[in-house]
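Here's a quick briefing to keep beside the structure while you click around.

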Amino acid sequence: MTPYESLRPIARDLDESDIVAVVNRARNKPGLVPLWVGEGDLPTPQFIIDAASASLANGETFYTWQRGIPELRQALADYHERVHGIANNPERFYVTGSGMQAIQLALQATSGAGDEVVMITPCWPNIHAATQVSGAVPVHVELDFSENGWSLDVQKLFDAVTNKTRVLFINTPANPSGWTATHENLRDILAFARQHNIWIVADEVYTRFIFDADCAPSFYDVIEEDDRVIFVNTFSKNWAMTGWRSGWISAPPAIGQVLENLIQYSTSGVASFTQRAAVAALQQGEPFLAMQKQRARTNRDVMCDALRSTGKIKFARPQGALYLFFAVDGFSNSKELAIQITDEANVGLAPGTGFYTGGNEFLRLCYLRDPKQIELAAERLVGWVNQL
Ligand SMILES: Cc1ncc(COP(=O)(O)O)c(C=O)c1O
């Protein structure tokens, strides 16, 4: 048996991300407009960096609280009271080393070998893969597409539940489709989960990137404090902090010791200087977030109008998140199409094949970029499609 063959089968058999495969092929292509990854192009604002630098200069270089420094847990409680109108309770909050780690911990706390996690597709591939790594089985429920918008038939979600289901994983607004749950969806899902004693993992990392409100419909609007809902979130998107790897969990205080233990036995906590930066983001970051949101909205409209003008591209104008998810008439394999577009139009896009069922013919484009890059990408894509 080779070293590779003797690895844990679940780890060995994880899929290579189709997104990474396309990116790796053309990462350094001259002049390419890269819209394939889910991040903006602005660096972290200076006031956040200053808070981190001050922390290091003050000697905060030691192990720290597993659940997060008290100042950050309080800042999270204040932020949620302000944005979601919930009771101010720092005991709900746990600091994690990224939204991704928040997802891992939420899954580790709720599911494992022999269990099923039901998720809505097309979905961010890491949700599917993190479920596999935890030992549980991902079960997919497809959204329905129409040019009026992506929608969820909640009955399909409920029909996917078996006696092995431990978690409904709900990402809203969704990566990559932009689908955004309505309050009615959230109420129905919560009622079902309560009735069947199932956990909800609510991935609301894009909740502030909604274009007709301050915040998207959220499970916070419908839950009681002790409902079985674990929220996963991140500093990455709102405050241009993707490289900091910092996020948070919000969960019923009753499971606090379990989450503290899971943090202790994984990273043992998040660096203090990162946490000081996060406090600054929460307390002073609203103007930056508002500016990013405005930029995203304008870019979304520029790109949608340009692609619509070809008459050969189908999509639903996204209500939320950072992505336009579109298909080009006559192309069904988006991995091949993404490669062709990088080669011939010099625009980097993520193939829908990377997001599991329901989006194979689609391409994902991140529009949180410099408006000039978006205009250039729109011009190139339109030119390319029109010459087909
Ligand atoms: C739906 C969703 N959840 C969670 C994350 C996690 O973000 P991060 O690990 O950068 O904190 C992402 C990042 O793209 C995402 O798209």
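In which order do the four strands of the open sheet with antiparallel pairing run? The order is β11-β12-β15-β14. Keep in mind that this is a predicted model. The chain splits into domain 1, made of 9–44 plus 287–386, and domain 2, covering 62–283.

- β11 and β12 (residues 323–328) run antiparallel and are joined by three bridges.
- For a spot to look at, take K314: its bridge partner in β12 is A327.
- Helix α11 (residues 286–310) packs on the sheet and touches β11, β12 and β15 (362–366). The direction of α11 makes about 135° with that of β11.

**The seven-stranded sheet**

- The other open sheet has seven strands, ordered β2-β10-β9-β8-β7-β3-β4, and here the pairing is mixed.
- β2 (93–96) and β4 (137–142) each have a single partner strand, so one side of each has no neighbour in the sheet.
- On average, neighbouring strands in this sheet are turned by 25° against each other, ignoring direction.
- β8 (residues 199–203) and β9 (residues 229–234) pair in the parallel sense, with four bridges between them. I200 has V229 in β9 as its bridge partner.
- Helix α5 (residues 99–110) packs on this sheet, touching β2, β3 (116–121), β7 (165–171), β8, β9 and β10 (247–250). Its direction makes about 160° with that of β9.
- Helix α6 (residues 125–134) lies across β3, β4, β7 and β8, and runs at about 150° to β4.

- As background, most peptide bonds are trans, and most residues other than glycine have a negative phi.
- The bond from T121 to P122 is cis, with omega near 0°. P122 sits in the loop between β3 and α6.
- T172 and P173 are also joined by a cis peptide bond, with omega about -15°. You'll find P173 in the loop between β7 and α8 (183–196).
- S98 isn't a glycine, yet it has a positive phi of about 115°. Look for S98 in the loop between β2 and α5.

**Where α3 meets α10**

- The axes of helix α3 (residues 46–57) and helix α10 (residues 272–284) come within 8 Å and cross at roughly 145°. The crossing is right-handed.
- From α3, the contact uses F47, I48, A51, A52, S55 and L56. On the α10 side are S272, F273, R276, A277, A280, A281 and Q284.
- By type, the residues of this contact are nine nonpolar, three polar and one charged.

- The centres of domain 1 and domain 2, taken over C-alpha atoms, are 24 Å apart.
- Domain 1 puts 36 residues into the contact and domain 2 puts in 39 residues.
- About 3200 Å² is buried between domain 1 and domain 2, and carbon and sulfur atoms give 62% of that area.
- Which residues of domain 1 lose the most area to domain 2? They are L289, K293 and Y356, together giving 19% of what that side buries.

Terms used
Residues are numbered from 1 along each chain as its sequence is written. This is a predicted model: local features need pLDDT of at least 70, side-chain atom pairs count only at pLDDT 80 or more; totals for chains, interfaces and linings use all residues. Side-chain values use heavy atoms; hydrogens and water are left out. Axes are lines fitted to C-alpha atoms, for helices over the stretch in contact, and angles run from 0 to 180 degrees between N-to-C directions. Helices (H or I, at least four residues) and strands (E, at least two) are DSSP runs, numbered from the N terminus. A crossing is left-handed if the near helix is turned anticlockwise from the far one by less than a right angle, and right-handed if clockwise. Contact means heavy atoms within 4.5 Å. Ala, Val, Leu, Ile, Met, Phe, Trp, Tyr, Cys and Pro count as nonpolar, Asp, Glu, Lys and Arg as charged, and the others, Gly among them, as polar. Two strands pair if DSSP finds at least two bridges between them. Domain bounds come from an automatic or database domain assignment. Buried area is the accessible area (1.4 Å probe) that two parts lose on being put together, summed over both.
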